[in-house]
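Colleague: Could you take me through one part of this model up close? I'd like to see how a single piece sits among its surroundings.

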Amino acid sequence: QKAIKKEPDNYNNYFNLSWHSLFSGEYKQAITAAKKSLDLAPEKKGVYSNLVLGYVLNNEFAKAKPIYLEWKNKQYDAYRTWKRIFLADITDLESAGITHPDFKKVRELLKQTP
């Protein structure tokens, strides 16, 4: 929050807020911050993982599903697909004790072929 006050146009501050909000149970804030990050820097796609996790944890799987389907088989970087990023982020949350029944749905969705 302090970083956003100092630099309100820095997409990365909103990215970080969205990620940390997932771990603090502030799922609506995670969604809002992820959307703001995308508004400021639409080319910085990494925040999509925070956005879909915010939707899932906020019991809005229907909003997350099309994003997962659109991005899961695309390359994230030279070494990883989006599917791998999505799964790693779920694992990070679970390692912190944050679970949701829809994580199983996400894993099944990501296993499906296009």
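Modeller: Let's start with a word we'll need: two residues are in contact, or touch, when they have heavy atoms within 4.5 Å of each other. Keep in mind that this is a predicted model.

With that in hand, look at Leu51. Leaving aside residues up to four places away in sequence, Leu51 touches Ile31, Ala34, Lys35, Leu38 and Ile67. Leu51 also belongs to the largest nonpolar core, which has 28 residues, and together with Leu53 and Tyr68 it touches the most other members. The biggest giver is α4, with eight residues.

So what about α4 as a whole? Buried here means under 20% relative accessible area. Eleven of the eleven residues of α4 are buried, so this helix is largely enclosed by the rest of the structure. Among them are Val47 at one end and Leu57 at the other, and even Ser49, Asn50 and Gly54 are on the list. As for what does the covering, α2, α3, α5, α6 and α7 are included. After α4 comes Asn59, which has a positive phi, near 60°.

The cut-off for exposed is over 50%, so Lys5, at 73% relative accessibility, counts as exposed. Its C-alpha atom is separated by 17 Å from that of Ser21, 16 residues apart along the chain.

Notes. Residues are numbered from 1 along each chain as its sequence is written. This is a predicted model: local features need pLDDT of at least 70, side-chain atom pairs count only at pLDDT 80 or more; totals for chains, interfaces and linings use all residues. Side-chain values use heavy atoms; hydrogens and water are left out. A nonpolar core is a set of buried Ala, Val, Leu, Ile, Met, Phe, Trp, Tyr and Cys residues joined through side-chain atoms within 4.5 Å. Buried means under 20% relative accessible area, exposed over 50%, partly exposed in between (1.4 Å probe, protein chains only). Helices (H or I, at least four residues) and strands (E, at least two) are DSSP runs, numbered from the N terminus.
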